[in-house]
Amino acid sequence: MGAGHAGLAASHFLTERSIDHVVLERGEVANSWRYERWESLRLLTPNWQSRLPGHRYEGPDPDGYMTVGEVIEFIGRFATVSRAPIRTGTNVTSVTAVDDGYQVTTGRGEIRCRAVVIASGACNQPAVPQIRHAVPESVEQLTPFDYHSPAKLPDGGVLVVGASATGVQLAAELRRSGRPVVLSVGEHVRLPRTYRGRDVLWWMDASGVWDQRYDQVDDLTRARRLPSPQLVGTPERSTLDLNALAATGVELVGRWAAVRDGHALFSGGLRNVFSLADLKLKRLLDTFDEWARTHGHDAEVDPPERLAPTRMPESTRLQVDLRSGEIRTIVWATGFRPDYGWLDVPVVDAKGQLRHDGGVVDSPGLYALGLPVLRRRKSTFIHGIEDDAREVIAHLTRYLRVRH
Amino acid sequence: MTMVDNGVNVQALLDARQALKGAPEAAQFTWRASAKWQNGVHSTTTVSNFFGLGQEHAHKSDAVFDADHPEVFAAEDNGITPIEYLLVGLASCLTAGVASVAQNRGIQLRSVESTVEGQHDIRGILGVDSDVRNGFNDIKVTFKIDADASEQDIEALVAQSQKRSAVFDALTNPTNVTVEVA
Ligand SMILES: Cc1cc2nc3c(=O)[nH]c(=O)nc-3n(C[C@H](O)[C@H](O)[C@H](O)COP(=O)(O)OP(=O)(O)OC[C@H]3O[C@@H](n4cnc5c(N)ncnc54)[C@H](O)[C@@H]3O)c2cc1C
């Protein structure tokens, strides 16, 4: 289910094992990149890291970052060379368990199968907190799915909620368009774009952080909920942390906690979320340095550096009057969640998350790919799918063999 | 890991966390206090029982707190001022947090001291200037911690303790408060 890179990677390994299958896609190949991303988005992972099974970036700029158009092309080419048997325009409306497998209902008829791989995405719906209902009607509210470019927003101030990859990127872009921007910051993950002369994702990759397995992570629930890192892919390879945003005039406020009498009330705990992120960053950089030292890479990279702590603004506002006209638009960059509305198998917990062990779902013959830390820290990233898909499809193959 | 003993039974807390995962009802607690006017601005507040884990509980003994105002406010100073209780709550909550997190992370503490300062512009409560808020403008907690850990680990202890602190949250985030006459 799903012709994103995860579904296509599953198809690649199924083909390799000569397992009869079909890839169902409600829209087109790479649908979410076509219709659910904003115009200026570039990958935050460098081109050399864009690799799928047997398929890699071969262009002239391995250190650059793909535009959305290039990602669509990249995934499209993978679909073509791997000859994936894709049925586009085929929306799955229900999956139920039957005697020897699953009954799949689509907009184009029924399918019986022994096994299902759910690769329908981890980011199907923007997750927006309940307080959105308390926002006065005079303020326009957008999610990243409705946001296309600053030009489409009304003039005037914007409150961006959430300071992960999406939030910091949109805040920067809106600020550049000349608007006053307030950014509400909760827990976040701070990363520099480059460290000791290399892309920070090179360090994650080389030092094995990305490869850390789900059964070796201390607190898996927490790891799976970790916000995306504050990174942006630009030709200048610049760092987009809160210091960089504040320097451009973005006003930082604490986590948005409530609306009272038309006022947005923000947490006064900003300093602590800064220090938590700074401390975690320092620990990560220590890990990189330690790895470089013990693996003999010290000579080939620049000397260790330390980043200035996140600067606390002189004063922070604890409330903003949403009726004053200061804020015309709110952009909710508060994360995404999967949609399992079509799944009629009882494997989704009270919080809407699929119950699975490394992609092996709690119902025989049902599998998942592309979820956070599914089998490794890199699981949701494009380059992270190969190892996960190989292992999950190997499990599926064994399952089919036993059942035959 | 070396054995550390800060006197916190972290295992019990971790077990409780596990047990409450599937039982959100049991996690609903109601903390209570009842206050009685004495004279002037002096009152006594008694804390004796609370509700939690699906039932009523009584503290081992009643705790009685006097609240008054200092003599510079033309009062008798029979107890600390109500807003000072917030500082007591914050300091003790963060200190408990530091000990628990240290225990959980295998860090032996030798001493934990803190001072808490709340900046308060009293023109708010006196109605001198309606732009001045009634409560604290700024609270600063300074910890002095002696422990078998690096400076960075100690900073992380304090940061994590804030992240998990009930009083820190109650002070930094807005809460619905209803006050009515019975
Ligand atoms: C804003 C954003 C930026 C990201 N940036 C990066 C990045 O820089 N680098 C990186 O490596 N990763 C990035 N990711 C993460 C990840 O690579 C993408 O989310 C990627 O799209 C996930 O691939 P997928 O195949 O798991 O899911 P998707 O690409 O979402 O594919 C799922 C497919 O399933 C289809 N589908 C869903 N429901 C149904 C149904 N009921 N019936 C039929 N078909 C269905 C969808 O139409 C879709 O085509 C980003 C994610 C987001 C949200």
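Modeller: A polar contact of 2.6 Å joins the side chains of A:Asp199 and A:Tyr65. This is a predicted model, in which local features need pLDDT of at least 70 and side-chain atom pairs count only at pLDDT 80 or more, while totals for chains, interfaces and linings use all residues. Residues are numbered from 1 along each chain as its sequence is written, chains are lettered from A and ligands numbered from 1 in the order in which they are written, and side-chain values use heavy atoms, leaving out hydrogens and water.

Biologist: Why is the pair A:Asp199 and A:Tyr65 called a polar contact?

Modeller: The term stands for a pair of N or O atoms within 3.5 Å, where within protein one must be able to donate a hydrogen and the other to accept it, and residues adjacent in sequence count only if both atoms are side-chain atoms. The side chains of A:Asp199 and A:Tyr65 are joined at 2.6 Å, so the pair meets the limit of 3.5 Å.

Biologist: What makes A:Asp199 buried?

Modeller: Buried means under 20% relative accessible area, exposed over 50%, and partly exposed in between, with a 1.4 Å probe and protein chains only. A:Asp199 has a relative accessible area of 3%, and is therefore buried.

Biologist: Where does A:Asp199 lie, and what is A:Asp199 in contact with, leaving aside its neighbours within four places in sequence?

Modeller: A:Asp199 belongs to strand β15 (residues 198-199) of chain A; helices (H or I, at least four residues) and strands (E, at least two) are DSSP runs, numbered from the N terminus. With those neighbours left aside, A:Asp199 is in contact (heavy atoms within 4.5 Å) with A:Pro46, A:Tyr65, A:Arg193, A:Thr194 and A:Arg237.

Biologist: How do you know that α4(A) is largely enclosed by the rest of the structure?

Modeller: Of the 12 residues of α4(A), 10 are buried, so the helix is largely enclosed. Among what covers these buried residues are β11 (157-161), β12 (181-184) and α7 (242-247) of chain A.

Biologist: Which side chains have an N or O atom by an oxygen atom of the ligand?

Modeller: One of them is A:Asn31, at 3.5 Å, and another is A:Arg37, at 3.1 Å.
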